[in-house]
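This report goes through a few helices and their contacts. Please look at the sequence and the model first.

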Amino acid sequence: MTDKPKAAKTAVKAPVPKSEQTRTLILETALRLFQERGFDKTTMRAIATEAGVSVGNAYYYFSSKEHLVQGFYDRIGAEHRLAARAVLDRETDLEARMAGVLTVWIDVAAPYHEFAAQFFKNAADPESPLSPFSPESEHARDAAVAVHREVLAGSRAKVPNELAELLPELMWLAQMGLVLYWVFDRSEGSERSRRLAERGARLTSSGIALSRFRVLRPLVREVHELFEDFLPGMAEVAATRASRRPSTES
């Protein structure tokens, strides 16, 4: 008599907490209304009404419309990291990794293209919490820079230790340039933005390869300092980062 095969155990997913369900509902409702009515014309009251929650409950999860957009930044960032996984697991060539990650971002962001320009009107203001350089955007910004850090670390490229911290941030700044172009790109399927991603990846990877030469390293640092000094919001980011570093004084 043979033993009967044991039934395979089915993994049971933990139920999503009701608070997280409510938060997701409010965020998804807000994104839909932003798309339908525009960011400026959508109120927190309208979002609460459409989501079927009280205004107070909406403010409990998101203190303002701007905070809702931060939730959008976090969501699109999480979707990007997940979608980029296949590229990062497959490619070791730096140019291919960069081009793949940037192109994947365009794919992930595609459903939000129609109302991205509305966000940009606010995000372009250096005083706005929607700015990618604002303190409110720190979590999304750090997560995005971490993706580029992995792009660099998992490649075959030889990167000088003294530039290892600077280059991922410069790569993220290059992505911000692509995002700005994409916002206003009306080519079919954002085809021009995709070409820009590929050519930008080629140029950046060539620049990183040249950074192996010691004589060019000061130039990389100078470019980074230029952004920190003159790009709106970067000076504040740099100051905050410096304040968090442990003191080397005895």
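How many residues does helix 1 have, and how far does helix 1 reach from its first C-alpha to its last? Helix 1 covers residues 18-37, which is 20 residues, and reaches 28 Å, close to the 28 Å expected at 1.5 Å a residue. The expected span is 1.5 Å times one less than the number of residues. Helices are DSSP runs (H or I, at least four residues), numbered from the N terminus.

The model is predicted: local features need pLDDT of at least 70 and side-chain atom pairs count only at pLDDT 80 or more, while totals for chains, interfaces and linings use all residues. Residues are numbered from 1 along each chain as its sequence is written, and side-chain values use heavy atoms, with hydrogens and water left out.

Just after helix 1 comes Gly-38, with a positive phi of about 95°.

Helix 5 (residues 94-109) packs with helix 7 (residues 138-153), and its axis also crosses that of helix 9 (residues 191-210). Axes are lines fitted to C-alpha atoms over the stretch in contact, and angles run from 0 to 180 degrees between N-to-C directions.

| Pair | Angle | Axes |
|---|---|---|
| Helix 5 and helix 7 | about 155° | 9 Å apart |
| Helix 5 and helix 9 | roughly 150° | within 8 Å |

The angle of about 155° between helix 5 and helix 7 makes helix 5 roughly antiparallel (over 145 degrees) to helix 7. Helix 5 and helix 9 are therefore roughly antiparallel to each other as well. The crossing of helix 5 and helix 7 is right-handed, and so is the crossing of helix 5 and helix 9; right-handed means that the near helix is turned clockwise from the far one by less than a right angle.

Contact here means heavy atoms within 4.5 Å. From helix 5, Leu-94, Arg-97, Met-98, Val-101 and Leu-102 meet Val-147, His-148, Glu-150, Val-151 and Leu-152 of helix 7.

His-113 lies in helix 6. Is His-113 buried or exposed? His-113 counts as buried, because its relative accessibility is 9%. Apart from neighbours within four places in sequence, His-113 touches Trp-182, Val-183, Asp-185, Arg-186 and Ser-190.

Definitions and conventions
Helix = DSSP H or I, 4+ residues; strand = E, 2+ residues; numbered from the N terminus. Parallel < 35°, antiparallel > 145°, perpendicular 65-115°, else oblique. Buried < 20%, exposed > 50% of the residue type's maximum accessible area, 1.4 Å probe, protein only.
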